[in-house]
Amino acid sequence: MADDLTDAQHDALADKLHALEAALEAQLGSATGDGRPVALDTAFGRVSRVDAIQQQQMVKATRHRAQGRLIQVRAALDRVAAGDYGDCARCGDPIGFGRLDARPETPLCVGCQGEAEARRR
Ligand SMILES: [Zn+2]
């Protein structure tokens, strides 16, 4: 039970998640960064082609992050639907409204997030 979230806080966070999902879907559905290969026969010189490739890699990285975030947002919406949103996916403790307000899709409390990041290093 996410007993540290009031109903109003819970609803506000659910609204945020829906807005985030829509924004990320719009971002991923937009024409930029659709993964097209950089054309090798463009009229640009060599240097600008390198620029174009670098730019596309940045777009790809941004897109990759957005996709990852969208997966988390949808998982969080699943938890909202299941009624266990707001609890840490690992230890079950309440994540806390302040943290959820900043990152409503986060599945972990501060402690577990820190551990997960420490293990990744
Ligand atoms: Zn935890």
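Mentor: Helices (H or I, at least four residues) and strands (E, at least two) are DSSP runs, numbered from the N terminus. This is a predicted model, where local features need pLDDT of at least 70 and side-chain atom pairs count only at pLDDT 80 or more, while totals for chains, interfaces and linings use all residues. Residues are numbered from 1 along each chain as its sequence is written.
Trainee: What span should α1 have?
Mentor: Its 23 residues should span 33 Å at 1.5 Å a residue, and that agrees with its end C-alpha atoms, which are 33 Å apart.
Trainee: New topic: which residues are buried in α1?
Mentor: L13, L17, L20 and L24. Buried means 20 or more other C-beta atoms within 10 Å of the residue's own, exposed means 12 or fewer, and partly exposed is in between, with C-beta atoms placed from the backbone.
Trainee: And how much of the protein is buried?
Mentor: 14% of the 121 residues.
Trainee: What makes up the largest nonpolar core?
Mentor: Eleven residues, including V73, Y85 and C109. Such a core is a set of buried Ala, Val, Leu, Ile, Met, Phe, Trp, Tyr and Cys residues joined through C-beta atoms within 7 Å.
Trainee: Which element gives the most to this core?
Mentor: α1, with four residues.

Definitions and conventions
Expected span 1.5 Å × (residues − 1).
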